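This report looks at selected side-chain contacts and aromatic pairs. Please read it alongside the sequence and the structure shown here.

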Amino acid sequence: MRTLLGCLVLIFFSMVAPASSATLTVNWSLGTDYTPLATGKSFAVGDTIVFNYGAGHTVDEVSENDYKSCTLGNSITSDSSGTTTIALTTTGPRYFICGIPGHCAAGMKLAVTVASASSNVVGGGTTTPTPFTGGGGYNPTTTQAIPCAAWAVYCPLGALVATWAVVFYALSLS
């Protein structure tokens with residue numbers, strides 16, 4: 001019976017992988033509505049936002065009030081390097097605007113809410129940026145990694161049979 005329990009535990013832990021972080025890639029430019037990037041999306045501690053943009057833009061993290069009113073000059077952080085990476089390390093809302101006069105009012109603003117890291121995700125997550133309609137922004141598509149052999153993906157019945165074969169073999173040993 002101990003052998004059976006050991007096999008079942010081994011099977012369970014081989015199929016459950018720790019969750020991994022996701023990266024949201026944003027093409028930061030005028031003429032894009034960034035609202036769809038955050039609406040209904042889950043962000044977790046450990047995720048990353050990467051802003052890609054050309055000269056003449058900045059990524060400024062600001063307070064909620066400055067975000068809502070597009071007030072410039074009170075930035076928590078500011079970067080104009082062309083690629084700004086923001087690590088989401090704490091829970092709560094985060095607010096980003098372009099610090100060039102008129103750009104925030106023209107829509108270059110993004111607000112996200114960061115939740116605690118999920119502990120009940122099965123399989124590792126990866127994010128593949130795909131274009132969304134309305135401009136140069138990106139909407140992340142999260143997919144779950146399948147922690148089993150490639151043949152199991154194409155032959156799920158075979159994977160099930162193989163798993164039960166291991167269980168029955170373990171039962172025959174006890």
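Thr32 is buried, with a relative accessible area of 4% (buried means under 20%, with a 1.4 Å probe and protein chains only).

This is a predicted model, in which local features need pLDDT of at least 70 and side-chain atom pairs count only at pLDDT 80 or more, while totals for chains, interfaces and linings use all residues. Residues are numbered from 1 along each chain as its sequence is written, and side-chain values use heavy atoms, leaving out hydrogens and water.

## Aromatic pairs

Four aromatic pairs are counted, with rings of Phe, Tyr and Trp (its six-membered ring) pairing if their centres lie within 6.5 Å, and planes under 30 degrees apart counting as stacked, over 60 as edge-to-face and the rest as tilted. Among them, Phe51 and Phe96 have ring centres 5.5 Å apart and planes at 55°, so this pair is tilted. Phe51 in strand E3 and Phe96 in strand E7 are 45 residues apart, strands being DSSP runs (E) of at least two residues and helices (H or I) of at least four, numbered from the N terminus.

Tyr67 and Tyr95 also form a tilted pair, 5.2 Å centre to centre with 45° between the planes. Tyr67 is in helix H3 and Tyr95 in strand E7, so the pair ties together parts 28 residues apart in sequence.

Definitions and conventions. Buried < 20%, exposed > 50% of the residue type's maximum accessible area, 1.4 Å probe, protein only.
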